[in-house]
Amino acid sequence: MKFNTKVIHGKQEHDPSTGAVMPPIYQTSTYAQISPGKHKGYEYSRSANPTRTALENSFASIENGEFGLAFGSGLAAIDCVVKLLKSGDEVISTSDLYGGTYRIFTQIFAQYGIKFHFIGMENAENIENYVNENTKMVWVETPTNPMLNIIDIKKSVEISKRHNLLLVVDNTFATPYLQNPLDLGADVVMHSATKYLGGHSDVVMGALITNDKEIADRLYFIQKSSGAVCGPMDSFLVLRGIKTLHVRMQRHCENGKAIAEYLAAHPKVENVYWPGFKTHPNHEIAKEQMRDFGGMISFTTVGNKMEDAIKIVENLKIFTLAESLGGVESLIGHPASMSHASIPKEERERIGVVDSLIRLSIGIEDKEDLIQDFEQALALL
Ligand SMILES: *Cc1c(COP(=O)(O)O)cnc(C)c1O
């Protein structure tokens with residue numbers, strides 16, 4: 001089965017009791033048992049719920065994985081993966097990563113004795129420099145948020161396998177439409193399904209996918225034990241979102257390219273970060289491991305002034321100033337004061353999140369309208 005068919009039919013079956021084409025929203029916490037322990041596969045909705053099962057199967061299918069798990073948020077999924085570790089273990093993570101991931105690593109898990117190294121991975125060989133006998137996990141986010149750096153997944157896999165480390169890839173920005181880390185040898189793929197998989201800015205959810213039965217069993221056990229699951233209504237919404245992932249992504253990529261090129265040619269724009277440019281430092285790797293370059297773009301303005309960035313985000317009419325990304329509507333964010341405010345200023349600037357940096361999630365509107373919107377906002381500088 002190819003991708004466009006998988007998003008609609010992958011590991012799905014019609015409801016066995018009624019033939020309903022879409023899985024019903026099984027809004028129930030518990031299930032009747034015929035005799036103690038004798039039931040139809042469901043006993044309590046923290047452990048499993050049929051609507052969630054349908055979604056978890058879809059997650060697995062679109063990422064070319066065997067096992068899928070759904071959570072109440074992307075961070076709940078991250079929480080589950082890191083709980084595979086124990087006190088004294090070390091994680092090597094990319095330094096340019098989602099602010100909330102940085103926060104849970106440094107402010108929650110660090111206090112349980114797990115050590116995190118935040119390093120530049122644009123040259124994946126650098127991972128090797130931080131491996132020691134306590135290293136257990138490598139955390140890769142590519143493209144990175146918000147600098148759109150590209151990390152070589154194949155090379156990260158090679159290093160991880162050599163040292164017997166678990167390689168986790170946060171595939172939120174790329175989605176399985178653009179990139180399939182499991183095919184390249186990653187152990188676990190993580191998603192904030194809140195973003196492109198849901199795709200309509202109406203639900204918060206997370207996902208994990210793996211091909212390894214032993215890892216899957218441990219993740220299921222943590223999911224059930226910690227309990228950060230998503231409800232049946234949210235499962236239904238994301239399942240519906242996934243069915244149009246391929247057509248949405250196609251347009252996100254097409255619009256993304258148009259806006260990136262427009263911004264790069266604008267005299268008031270300084271740098272544009274988008275992996276589709278030949279000048280992007282890891283453009284060749286992006287071309288190799290991704291099918292297209294996505295709809296996420298960051299840029300800075302000439303003079304790098306905070307007030308210019310604020311003026312732009314306040315005056316755009318179609319772009320909405322908001323956290324999040326990956327929905328049908330175009331969103332704009334100012335990482336230094338929004339998504340990355342939890343990262344100390346010094347650390348933030350070291351990775352490129354300067355005061356004038358603006359991050360765009362390009363939606364699926366008409367690209368002419370999006371460009372026109374920028375034309376009027378940039379004219380105000
Ligand atoms: C949003 C996001 C997360 C966190 O997911 P939530 O659903 O907000 O909990 C993690 N990683 C990336 C790359 C994200 O964009």
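A polar contact, as used here, is a pair of N or O atoms within 3.5 Å; inside the protein one atom must be able to donate a hydrogen and the other to accept it, and residues adjacent in sequence count only if both atoms are side-chain atoms. The structure is a predicted model, so local features need pLDDT of at least 70 and side-chain atom pairs count only at pLDDT 80 or more, while totals for chains, interfaces and linings use all residues. Residues are numbered from 1 along each chain as its sequence is written, and side-chain values rest on heavy atoms, with hydrogens and water left out.

The side chains of His 191 and Glu 63 are joined by a polar contact of 2.6 Å. His 191 sits in strand E6, where helices (H or I, at least four residues) and strands (E, at least two) are DSSP runs numbered from the N terminus. With a relative accessibility of 1%, His 191 counts as buried; buried means under 20% relative accessible area, exposed over 50%, and partly exposed in between, using a 1.4 Å probe and protein chains only.

Strand E6 (188-192) and helix H3 (74-82) each supply at least two residues of the shell around the ligand. In total, 14 residues surround the ligand, and the closest are Gly 74, Asp 170, Ser 192, Thr 194 and Lys 195; a residue is taken as near a molecule or strand if one of its heavy atoms lies within 4 Å of it. By class, this shell has six nonpolar, five polar and three charged residues. In that tally, Ala, Val, Leu, Ile, Met, Phe, Trp, Tyr, Cys and Pro count as nonpolar, Asp, Glu, Lys and Arg as charged, and the others, Gly among them, as polar.

Asp 170 places a polar side-chain atom 2.7 Å from a nitrogen atom of the ligand. For Ser 192, a polar side-chain atom is 2.8 Å from a ligand oxygen atom. An N or O atom in the side chain of Lys 195 likewise lies 2.7 Å from an oxygen atom of the ligand. On its own the ligand has 380 Å² of accessible area, and the protein covers 93% of that; the areas come from the Shrake-Rupley method with a 1.4 Å probe, and for residues only the protein chains shown count as cover.

Away from the ligand, the nonpolar side chains deserve a look. In soluble globular proteins, nonpolar side chains tend to be buried together. A nonpolar core is defined as a set of buried Ala, Val, Leu, Ile, Met, Phe, Trp, Tyr and Cys residues joined through side-chain atoms within 4.5 Å. The largest one here has 56 residues, and those touching the most other members are Phe 59, Leu 263, Ile 297, Phe 299, Ile 332, Leu 360 and Phe 374. Helix H9 (residues 245-264) gives the most to this core, contributing seven residues. Because domain 1 (3-242) and domain 2 (246-378) both give residues to this core, it lies between them; the domain bounds come from an automatic or database domain assignment.

Helix H9 also holds Asn 255, which counts as buried at 1% relative accessibility. The C-alpha atoms of Asn 255 and Asp 366 are separated by 7.8 Å, although the two are 111 residues apart along the chain. Asp 355, in the loop between helix H12 (345-350) and strand E12 (358-361), is buried too, with a relative accessible area of 18%. Its C-alpha atom is 9.7 Å from that of Ile 310, 45 residues away along the chain.

Cis peptide bonds join Thr 142 to Pro 143, with omega about -5°, and Asn 145 to Pro 146, with omega about 5°. Pro 143 is in the loop between strand E4 (135-141) and helix H5 (153-162), and Pro 146 is in the loop between E4 and H5. Thr 175, not a glycine, has a positive phi of about 65°. Thr 175 belongs to helix H6 (residues 175-178) and is buried, at 0% relative accessible area. Ser 324 has a phi near 85°, also positive in a residue other than glycine. Ser 324 falls in the loop between strand E10 (320-321) and strand E11 (331-333) and is partly exposed, with a relative accessible area of 25%.
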